Every structure is written in structure tokens, then in C-alpha cells.
Amino acid sequence: EKNIPCTSARDLTPSYDWFQTDGLITIVIYTKQKDMNAELVIVDCQDKRLRGEIILADHSYLIELDLDHAVREGFDVNIAEKVGKVEIILKKKDNVHWKVLGRPLESHNTFIKRTDRGLFYRKCKLVSKTEVTHDTKLFCLMLPKSTHLQVPTGQHVYLKQVIAGTEVVKPYTPILPSLMLDFKQPSCHDGAHIYLMIKIYSRGLFTQALDRLQIGDYISVSSPEGNFKKSQVQTSEDLFLLAAGTGFTPMVKLLNFALTEVSSLRTLKLIFFNKKEDDILWRNQLEELALKDKRFEVQFVLSEPTKDWGGKQGKISLSLLSECVKRSRKDSKVLICICGPTPFTEQGVECLRDLGYSQEEMHAFTA
Ligand code: FAD
Ligand code: NAD
């Protein structure tokens, strides 16, 4: 009897190929996945070392090589989104024929779980530092010219510094330079800059060292990480954002994304918990946005208000949430996002559960 080969499950391991012209080297990665986008492609080229990572759900495909010859600074990345093809186009420094693409490094051509990959850092330049409140600053970092990296909505990066001889790593959530962007202007999302809003603690190990950085200094920044999925918001009708202190940071891109790209969105409410009035981050911008966009409402809640505070006071509680978090219609599709100090987030989630919201209707940003 003849052996009929059965159609095996399609091999979903990505692969790559390369070719050259006089001046260019083109590396083509076949991801074998539809819906590729620029956020899933992270490329770094330092000297002759090339690292290209493709994020495919919870897996990561990597090419990592010591290139055969030198290339010029900067490269292009082209993505054919529907067919899942990614091209990295390098510019040769010298007009020579390359016999090979390069010498493979340790993790070259591997396809493994994302969590097993380990973080990769590149040095970014501090280009500006501006005051947001009495203790919080907006840091603008510039990625190297030979890095292609975009931080997705809801994800964070790690910063790394050597403090007193020890490497210290802390997570921070990139934001936008402002809430009042002309959303159609792509220059704000140019991909070359990363904006971080960071509270400087008087006894904080990492933030004190960060505050000592001068304009022009360099700091190591990791690739993005985090388990928030944009698709959670994509079909929302009522979106509630519960933020405490710098827990506001993941809400910035989320706000922008919801108001510009979620067509189903009817109402968006930010409930922002702070100690005092002068701790409120971007208060003017939030109030202006609320005037500009009728779908958006902001409510400030202070835990240590002065006597003249006319707004809400206290901490997160069942009674406060039952008052502030309400569906706009009986059958509204709701998403509630929550971020702040761990006890705040835990209490918030518990209260929401008591109010009858399901796990699928909540997202907690945690470490
Ligand atoms: P630490 O040295 O860790 O201490 C911070 C302050 O708290 C100090 O004043 C210290 O005295 C006090 N403290 C420390 N431990 C305790 C304790 N157990 N009880 C009471 N007080 C204590 N922060 C931002 O500003 N912006 C962001 O965008 C941001 N994003 C984050 C994203 C994620 C996913 C996570 C998990 C955290 C994020 N953080 C963010 C917090 C950030 O990672 C650091 O924790 C923060 O900057 C403090 O670091 P530090 O080393 O300066 O302070
Ligand atoms: P803060 O000390 O200024 O407090 C702000 C508000 O949080 C308070 O007014 C109060 O309403 C609430 N709060 C504080 N402690 C509470 C407690 N024990 N129980 C209930 N409510 C409480 O806040 P901060 O210094 O700006 O700290 C912000 C926190 O958010 C940090 O712990 C930071 O790590 C965290 N954060 C997490 C992420 C993330 O996980 N993705 C992102 C950004 C910030």
C-alpha cells in the first residue's frame, strides 16, 4: 500500500532570506502571520551588530548577526501587513559584494517564548526634562538612529542605570508629549522619541539617580513589555479609567487611542485619585480635553484635600465607584482600566467585582 503523505500542520516558524544590490542589503523575514504591524518589529543595528526581533503573539523570532561588512547609520523597515513580510533595508558603507550576510550570533534564527527571550537594551539620549508638577517631570529620550522601536499602548519599558556600582532596573510607561495633539499629525508619533512622566521620590533610589541625569546623557532603555491588548478597547462603548498618582501614565495613550480610533466609543471617564490638588498631573490639559470632546469627562478625587476643595474626596471605595462607574445604557459594552499603587489597584478590582463587573470588563495594570 502506498504511503500517502498527510498534510501536516503548517510550520509557523518564521524564516528569513537576504539579497543585495550595489548599495543595499535587504533582509526579508517571512513571519507567516497576517496583521503584522510596525509595533511588532524591533530592530537595532550597532556598528556591525544587527538584531531584528519580531513579536508574534507570545513568541519572538530573532535574527542576530555580526554583519559581513559595515553599514551606514539608519535603515528602512518595510512591512507588508497582510502577507506578513518584513523587510530590513541596510545601506552598505562600501560598494563591495558581500559573500555572506554575516556571522550568526548566539540566538540567531530562533523562535521562542517571549518570556524566555530576555530584555534587550539600547542607549538613549536625554534630550529634555520639563516640570509637570512639584515632584514629577517629563523626560524625553531619543532613540538611536539605528533603532526601530515603537511602544504599544498599555505597555512599559525598563530603564537601567548603574547606581553605586550595581545595575538597577525599573519599569516606566511611555506617554505622549501632550494630550492636546493634533491627532492627525504623525510627527508626534515619529517613533524617534520616548516620553516618560516620572515622579521623583526624595528617598527614591532610581528616581534620584534619574533626576541627576543631564541633558545629553545616555540611559539604557529596554524593548516594550506588557499584557494589555488594544483589542480590549476596540469594541468598547463605555470606557472608565481609574488612575492614582503616576498610575495615570498608561491612561495617556489609552485616552488618545480610544478617542481617535475606537468608533464604538460613547463615553470615556477618567477618575483620577491624588493626594492634593498640586499633585494632579496634566490637570489643565485634561480639563481642556473634556471641553473639546463631549465624550470625555474627568473627575478628580483627593485623599488629602484642603478645606477649600469643592470636588470629591477620599480614597477608592465601593460607594465612590458605585456612584462614578455606571453604564451609559443597560447593555453597554464596558471596559474599566485601573492603575496605581498596588493596594489601590487591588481594592479597586475587588470593589468592581462586588459591583458586578466581570473579569473581562476590567484590566488592571500591575508589575
Ligand atoms: P524606591 O527607592 O523604590 O522608593 C520609592 C519611594 O517610596 C521612596 O520615597 C521610598 O522611601 C518609598 N517606599 C519604598 N518602599 C516603600 C514601602 N514598602 N512602603 C512605603 N514607602 C515605600 N513611575 C513613574 O513615575 N512613572 C511611570 O510611568 C511608571 N510606570 C510604571 C510601570 C510599571 C509596570 C510599574 C510596575 C511601575 C511603574 N512606575 C512608574 C513606578 C517605578 O517603576 C518605580 O517604582 C518608581 O519610580 C520608584 O522608584 P525609586 O527607585 O525611585 O523608588
Ligand atoms: P500617591 O502616593 O501620590 O497616591 C495617589 C493616590 O493613590 C492617593 O491619593 C490615594 O487615593 C491612592 N492610594 C495611595 N495609597 C493607597 C492605598 N494604600 N490604598 C488605597 N489607595 C491608595 O501615588 P504615587 O506616588 O504617584 O504612586 C503611583 C503608583 O502607581 C506607584 O506605586 C507606581 O509603581 C504605580 N504605577 C504602576 C504602573 C503599572 O503597574 N503599570 C504604572 C505607573 C505607576
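Domain bounds here come from an automatic or database domain assignment. On that basis, the chain is divided into domain 1 (15-116), domain 2 (121-222) and domain 3 (231-364). The structure is a predicted model. The mean pLDDT of the chain is 94, and 95% of its residues reach 70 or more. For the complex, the predictor gives an ipTM of 0.96 together with a pTM of 0.95.

**Domain 1 and domain 2**

The centres of domain 1 and domain 2, taken over C-alpha atoms, are separated by 26 Å. To the contact between them, domain 1 contributes 12 residues and domain 2 contributes eight residues. On the side of domain 1 that touches domain 2, strand E3 (41-46) and strand E6 (71-80) each supply at least two residues. Strand E3 gives the most to this side, with six residues. By class, this side of domain 1 comprises seven nonpolar, two polar and three charged residues.

**The nonpolar core**

The largest nonpolar core has 82 residues. Those with the most contacts inside this core are Leu241, Ala243, Met251 and Phe272. When neighbours within four places in sequence are left aside, Ala243 is in contact with Phe248, Met251, Leu270, Phe272, Phe273, Cys339 and Gly340.

**The two ligands**

Ligand 1 is surrounded by 18 residues, of which the closest are Tyr201, Gly204, Phe206, Thr207 and Thr249. Strand E14 (166-172), strand E16 (193-199) and helix H1 (205-211) each supply at least two residues of the shell around ligand 1. Among the contributors to this shell, E16 gives the most, with four residues.

Around ligand 2 there are 25 residues, and Ala244, Gly245, Ser303, Pro343 and Phe365 come nearest. Helix H3 (249-261), strand E19 (267-274) and helix H6 (342-354) are the elements that give two or more residues to the shell around ligand 2. The largest share of that shell, three residues, comes from H6. In terms of domains, the shell around ligand 2 draws at least three residues from each of domain 2 (121-222) and domain 3 (231-364).

Definitions and conventions. Residues are numbered from 1 along each chain as its sequence is written. Chains are lettered from A and ligands numbered from 1 in the order in which they are written. This is a predicted model: local features need pLDDT of at least 70, side-chain atom pairs count only at pLDDT 80 or more; totals for chains, interfaces and linings use all residues. A residue is near a molecule or strand if its C-beta atom, placed from the backbone, lies within 6 Å of it. pLDDT is the predictor's confidence in each residue, from 0 to 100. Two residues are in contact if their C-beta atoms, placed from the backbone, lie within 7 Å. Ala, Val, Leu, Ile, Met, Phe, Trp, Tyr, Cys and Pro count as nonpolar, Asp, Glu, Lys and Arg as charged, and the others, Gly among them, as polar. A nonpolar core is a set of buried Ala, Val, Leu, Ile, Met, Phe, Trp, Tyr and Cys residues joined through C-beta atoms within 7 Å. A residue is buried if 20 or more other C-beta atoms lie within 10 Å of its own, exposed if 12 or fewer, and partly exposed in between; C-beta atoms are placed from the backbone.
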